[in-house]
Structure formats: structure tokens, C-alpha cells
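Biologist: I have a structure open on my screen and I'd like to learn how to read it. Could you walk me through it, feature by feature?

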Amino acid sequence: MNSEIRKADRIFPKDFADYSVQLNANGENFSGYLGNISETGLCAIMPANFQSEVNEINEGSILHWPTGDNMEIAGRIAWKTNYEFQKKPHIMIGMEFSDKIIFPEYLLALSLSVED
């Protein structure tokens, strides 16, 4: 059993409406919602037909609608589960980035607005 505790700064803002997650899985593009993010990975809510499996590598981006900025991401799907969102079936995934990312200032600012 692995007793290592993984620590990373995480951002859990109340509202990620200004962000979308775009992932390419098996040659098809999927658009989802950002759930949370850290420098080492993210949680996203993807459409029910998202075709990537656990341990598969995916590339994509996080799009910030107000600025039009794309933050490129790549990594493996660490976990995947069925999830109901807005009363419709979706897939929730955890993605572990291949390399740590550096948050843009607007994403860092969200971390300051998080209530404990």
C-alpha cells in the first residue's frame, strides 16, 4: 500500500463558468467543464461519450472565455467515473499532467477568492 500523501496547491473556485476543457481522445475533440485544477492535474466533467480510458494520454487545452487564452495541457487519465451533471449523464475524469503547469495570473487570482 502506498502511504505517500500527495500535496499540491489546488484551486476550487465557486464558479468555473468562464473556463472549458478541450481534450483530444482517440482523434476526436471533446469539450467539457473544469471542476478543479492544480499544478499537477485537473478534474473535469466531460460528455458521456468521452472515449478515453484510464492511463491513456490526452492532449488539449483549458480555454478562458473572457480573454480567449488557451493553456495547453497534456497528461494521462488517472481516473474516470460516471457523473450526473445538469440532470444529464456525463463522465468525470481526473487528469495527471505530464509536466507541472504554471497558472496564468487570472487563474491564480481565483485561488484568492476561495472560501475555506
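Modeller: We'll go from the overall layout to the hairpins, then to one residue, the aromatic rings and the salt bridges.

Biologist: Before we start, what kind of model is this?

Modeller: It is a predicted model, in which local features need pLDDT of at least 70 and side-chain atom pairs count only at pLDDT 80 or more, while totals for chains, interfaces and linings use all residues. Residues are numbered from 1 along each chain as its sequence is written, and side-chain values use heavy atoms, with hydrogens and water left out.

Biologist: Fine. How many helices and strands are there in the protein chain?

Modeller: Both are DSSP runs, numbered from the N terminus: helices are H or I with at least four residues, strands are E with at least two. Here you get one helix and seven strands, and along the sequence the pattern reads β-β-β-β-β-β-β-α.

Biologist: And what share of the residues is buried?

Modeller: Buried means under 20% relative accessible area, exposed over 50%, and partly exposed in between, with a 1.4 Å probe and protein chains only. Of the 116 residues in the protein chain, 39% are buried. As for the surface, the accessible area comes from the Shrake-Rupley method with a 1.4 Å probe, and for residues only the protein chains shown count as cover. The protein chain exposes about 7,400 Å², with carbon and sulfur atoms supplying 48% of that.

Biologist: How do I read strand pairing, say for β5 and β6?

Modeller: Two strands pair if DSSP finds at least two bridges between them. β5 (residues 57–64) and β6 (residues 69–85) are antiparallel, with eight bridges. The hairpin has four residues between the strands, and G68 has a positive phi near 75°.

Biologist: Which strand does β6 join through ten bridges?

Modeller: That's β7 (residues 88–97), again antiparallel. Pick G75 and you'll find F97 as its bridge partner in β7. This hairpin has two residues between its strands, and Q86 in the turn shows a positive phi of about 50°.

Biologist: Can we zoom in on one residue? Is S61 buried or exposed?

Modeller: S61 sits in strand β5 and counts as buried because its relative accessibility is 9%. A contact means heavy atoms within 4.5 Å. Leaving out residues up to four places away in sequence, S61 touches S20, V21, Q22, N70, M71, E72 and I73. Across the protein chain, 57% of the contacts with a separation of 6 or more are between residues 24 or more positions apart.

Biologist: Now the rings. How do I describe an aromatic pair?

Modeller: You give the distance of the centres and the angle of the planes. Rings of Phe, Tyr and Trp (its six-membered ring) pair if their centres lie within 6.5 Å; planes under 30 degrees apart are stacked, over 60 edge-to-face, and the rest tilted. This structure holds two such pairs. F30 and F50 have ring centres 5.3 Å apart and planes at 80°, so they are edge-to-face. F30 lies in strand β3 (residues 28–38) and F50 in the loop between β4 (41–47) and β5, so the pair ties together parts 20 residues apart in sequence. Both F30 and F50 are buried.

Biologist: Why is the pair of Y33 and F85 tilted?

Modeller: Because the planes of Y33 and F85 are at 55°, with the ring centres 4.9 Å apart. Y33 is in strand β3 and F85 in strand β6, so this pair ties together parts 52 residues apart in sequence. Y33 counts as partly exposed because its relative accessibility is 38%.

Biologist: Last one: how many salt bridges are there?

Modeller: A salt bridge needs a side-chain nitrogen of Lys or Arg within 4 Å of a carboxyl oxygen of Asp or Glu. By that rule there are three. E39 pairs with K100, the closest N and O atoms being 3.6 Å apart. E39 lies in the loop between β3 and β4, and K100 in the loop between β7 and α1 (105–112), so the pair ties together parts 61 residues apart in sequence. K100 is exposed, at 59% relative accessibility.

Biologist: And the other salt bridges?

Modeller: E53 and K80 form one, with the closest N and O atoms 3.4 Å apart. R76 and E96 form another, at 3.3 Å between the closest N and O atoms; R76 is in strand β6 and E96 in strand β7, 20 residues apart.
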